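Here's a quick briefing to read alongside the model. Take a look at the structure first, then work through the points below.

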Amino acid sequence: MTGIAERLARVRASIATACDRCGRDPRDVALLAVSKLQPRDAVRAAIAAGQFEFGENRVQELVAKADALAKDSVRWHMIGSVQTNKAEALVAVPGLALVQSIDRERLVTRLAEACVASGRTLEVLVQVNATGEGSKHGAPLAELEAIARMVVA
């Protein structure tokens, strides 16, 4: 089996090649390694290979990994749906850089309250369900403007 460092090198080479083809600087492209269901040792191996941006889709797993790897200057992204009762735990994650899955007003309110209580700010993206499919996550188009106004405020 190929090691994590070798796989990362191949992905970075592919990014560089794609950037070359379209005239883009590869330094402007961020690689987000999704570490869900991966053991901490695998994340440590990726860190040793120079990968410092990781995404998790479960708050509990993100909290555990971020606590264990807090000294490694990792930038964490929450990429999964967030339950409102986990807002405080999420905001407390060391190295939390971005929440990519804001999808409802109540979640914005809970995250904002947790941020105020902890004295931190938080970068977020609003996840939109543009098709209205019930099997997809994201804010319905009808609620998007209200959520966006809350996020910006």
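Of the 153 residues in this chain, 32% count as buried. Keep in mind that you're looking at a predicted model. The chain exposes about 9,100 Å², and carbon and sulfur atoms supply 53% of that area.

**The whole chain**
- You'll find six helices and seven strands here, and along the sequence they follow the pattern α-β-α-β-α-β-α-β-α-β-β-β-α.
- The C-alpha trace spans about 45 × 35 × 30 Å along its principal axes.
- Among contacts with a separation of 6 or more, 42% come from residues 24 or more positions apart.
- There are 20 positive and 18 negative side chains, and the centres of the two sets lie 4 Å apart.

**Helix α5**
- Helix α5 covers residues 105-118, and at 1.5 Å a residue its 14 residues should span 20 Å; the end C-alpha atoms are 20 Å apart, so that agrees.
- Its buried residues are Leu107, Val108, Leu111, Ala114 and Cys115.
- Look down the axis of α5 and those buried residues fall within an arc of 135°, so they line one face of the helix.
- The buried residues of α5 pack against α4 (87-91), β4 (96-102) and α6 (141-152).
- Turned away from that buried side, you'll see the exposed residues Arg106, Val116 and Ala117.

**Asp72**
- Asp72 sits in the loop between α3 (59-68) and β3 (75-78).
- Its relative accessible area is 18%, so Asp72 counts as buried, the cut-off being under 20%.
- Setting aside neighbours within four places in sequence, Asp72 is in contact with Ile47 and Phe52.

Key:
Residues numbered from 1 in each chain as written. Predicted model: local features only at pLDDT ≥ 70, side-chain atom pairs only at ≥ 80, totals over all residues. Heavy atoms only, no water. Helix = DSSP H or I, 4+ residues; strand = E, 2+ residues; numbered from the N terminus. Expected span 1.5 Å × (residues − 1). Buried < 20%, exposed > 50% of the residue type's maximum accessible area, 1.4 Å probe, protein only. Arc of directions from axis to C-beta. Contact = heavy atoms within 4.5 Å. Areas by Shrake-Rupley, 256 points an atom, 1.4 Å probe, with all protein chains shown as cover. Lys, Arg positive; Asp, Glu negative; His and termini not counted. Charge placed at Lys NZ, Arg CZ, Asp CG, Glu CD.
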